[in-house]
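Dear colleague,

Please find below the structure that I am handing over to you. My notes on it follow directly after.

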Amino acid sequence: MPPPKDVVKIAIQMVGAIPQLIELQQTKPLASVLKDVCDAWSLPNAERYALQYADGRQTYITESNRRDIKNGSILRLTTSPDQEAEQLYMGIQSKNADVKTDSLKKLASLSQDITFAQEFISRNGLKQIYSIVEEGNDAGEMLAHTLKAFTELMEHDFVSWENLSTVFIKKIVSYVNMSAVDASIQQLSLSILENMVPTSRLLFEVVKKEVTLDRLLTHLQATNAQLQLKAMALLIALLLSATDAERRDMMDYLREKNIRQFIHKNIIHSSEPLGDEMAHYLYVLQSVSLNLCEHRMKMSMDPYSQEQRDLLQSLRQTAFESESEVSTGTFSTERRRSLCAKEFRKLGFMNNSNPAEDLRRAPPGLLALDNMVYFSRNTPNAYSRFVLENSSREDKHECPFARSSIQLTLILCEILHIGEPCSETAQAFYPMFFGQDHFFEELFCICIQLVNKTWKEMRATQEDFDKVMQVVREQITRTLNLKPTSLELFKTRVNALNYSEILKLRQTERLHQEETLAVPVLELREKLKPELLELIRQQRLLHLCEGTLFRKISSRRRQDKLWYCRLSPNHKVLHYGDVEEGVQSLPIESLPEKIPVADMKMLLVGKECPHTKEKSSGKQNKDVLELAFSIVHDVEEYCLNFIAPTRYEFCLWTDGLNVLLGKEMTSERTQTDLDVLLSMELKLRLLDLENISIPDDPPPIPKPPSNLNFCYDFSQAEQ
């Protein structure tokens, strides 16, 4: 027989004593439990002791967490948190260096426990920690234990970071800025500053001013991986806490210092494997950097901005330079305007008389214009080739550069999640991002040429524009999923993934999906259905046997009364009765009313139920209609009416009652469960047929043999 829920069997240890095996009564006060344990070992003053887990983090047991104790747990009798806090508070003030070091070491370990931390802080213990750091007389191991203890105590959020003194902060900063300091102390100092930065604007400004980016870059170049990690953590904390303008300035400075190339070479491609934490920081750095494009992405073109109009005109002049020179000197204003409109049309603008209109859509806004200008200035030959090549094609076959650029910029923003906040757990970054300064623009330059290449491969017309861009999105996404380490490698792979390759991949994936639609597979599905439906029936009946709590509904208002209904284990009787609030499960014996299953005539649902036909407010009727069902028993005027607490319960109960009545299960949940079970079962059955094509028709049955003389005659043997 299982033990009661409020009793757990545990072992309690104490140094130098035989362990006790006890049954812990969870309803018994902890002080009484400790008194019994101490009495068994003849220990006086039970109030000076406490229980804590013997393994793991060795958390103290309190009234608030005692319910977490499981059967078989091993606890240890130890000094109570208040006694430990008092002893360590005195120990860290000791003049004896060894006693002080040991006390600080133990303090760093125990401070992880919230109960001890509360006791220590209540004794003004943090003030002593501040004094040790501010005086600066201690160094090495003692200082490392002090900083570790401070970090653990602050983790519990009993004290605000804003209460720290300027002297304390500057002392922590000095450990980061000094070269001749132990690496463990620098790591802890960086960690403290990282925790400090997000808590207030004032602390952010202090740390940003005192710890320069140059100093953080120096730590990033250290061979110590942990020091590298903590420096990166502080850098990310500063970037996330900065304003947009400050973040842009910081990223510009880091770009000047070639931080991306350093990360690409010394962190991503170092001999040590990249940890999850560093991967997350690299993801955040990538996200913060790409999100600098958000401002331009959300800004529509202003047709009255001379700067923006000049950028737009530079696209036309770069592509049609010689023609533009002739036109400005020879033709009238009207003729020049007509010529410009013609050239903008050749560039692929939809509104060639006023191309600024094409860039009014945000996103991608001005970011699309920036990309086009970058492409025209940094790869002028490729730009001219793209425009002139399409200018010479028939109108319907030309690939519109501007329209493609605008749509491609939007696609890249979506793929790279520009404008979206950083995830707190993601680790997915692109290694090639850190190998290139102008990553987004360079990626655009590769992809816009891919658009032209794919357009030609598809022999597309203007009507096929959306199809082409869909294929390009697929090419980019599939290639990025391969995590190329450089843009050159990305370029090679994305160009190799031409339109015919995309078609092959799509065909392969479609065939894989259609395997489940092959005739033999469909036949197997039908063969498996009865077995799986029986499994669902059994599950429904088991649910009815467990029972459910229902609320009573009157025609006027919702009543507070509850009632419980469950099926007997032999599936022959429904038991039910009124219960009090808070009851989860009741034994059958406590439910006074019952209906034999043999007396059940039919199941009514929704509008057919008598209790939904009663006149009441339309809103209430609508609320209960989808959850209402009734059992008709004996004669039709006797009904047991239900309002299910959820749609899920409604499905399970109506299915279960239909099974008891010998009818089909009709709820939507039945079909969902059947689909899930069929899918799992088919996958298991077809594992051995992977990569083998399944014929639609069975193999032919061979003809019978001409004679059956090979058959052994048992009757002859018996004679």
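Which residues are buried in helix H9 (residues 201-210)? They are Leu-203, Phe-204 and Val-207, where buried means under 20% relative accessible area, exposed over 50%, and partly exposed in between (1.4 Å probe, protein chains only). Because these residues cover an arc of only 105° around the axis, they lie on the same side of H9; the arc is that of the directions from the helix axis to the C-beta atoms. The face turned away from this buried side carries the exposed residues Leu-202 and Lys-209. The buried residues of H9 pack against helix H7 (166-177), helix H8 (183-196), helix H11 (225-241) and helix H12 (244-256), contact meaning heavy atoms within 4.5 Å.

Please note that this is a predicted model, in which local features need pLDDT of at least 70 and side-chain atom pairs count only at pLDDT 80 or more, while totals for chains, interfaces and linings use all residues. Residues are numbered from 1 along each chain as its sequence is written, and side-chain values use heavy atoms, with hydrogens and water left out.

The protein chain as a whole

The secondary structure comes to 31 helices and eleven strands; helices (H or I, at least four residues) and strands (E, at least two) are DSSP runs, numbered from the N terminus. Of the 719 residues in the protein chain, 45% are buried. Among contacts with a separation of 6 or more, 65% are between residues 24 or more positions apart.

The sheet

Four strands form an open sheet in the order E2-E1-E4-E3, with mixed pairing; two strands pair if DSSP finds at least two bridges between them. Its edge strands, E2 (20-25) and E3 (49-53), each pair on one side only. E3 pairs with strand E4 (residues 74-79) in the antiparallel sense over five bridges. Gln-52 stands opposite Arg-76 in E4. Helix H2 (residues 81-91) packs on the sheet and touches E3 and E4, its direction making about 50° with that of E4; axes are lines fitted to C-alpha atoms, for helices over the stretch in contact, and angles run from 0 to 180 degrees between N-to-C directions.

A buried glutamate

Glu-474 is found in helix H23 (residues 465-481). Glu-474 is buried, with a relative accessible area of 17%. Not counting residues up to four places away in sequence, Glu-474 touches Ile-502 and Arg-506. The side chains of Glu-474 and Arg-506 make a polar contact (2.8 Å), that is, a pair of N or O atoms within 3.5 Å; within protein, one must be able to donate a hydrogen and the other to accept it, and residues adjacent in sequence count only if both atoms are side-chain atoms.

With kind regards
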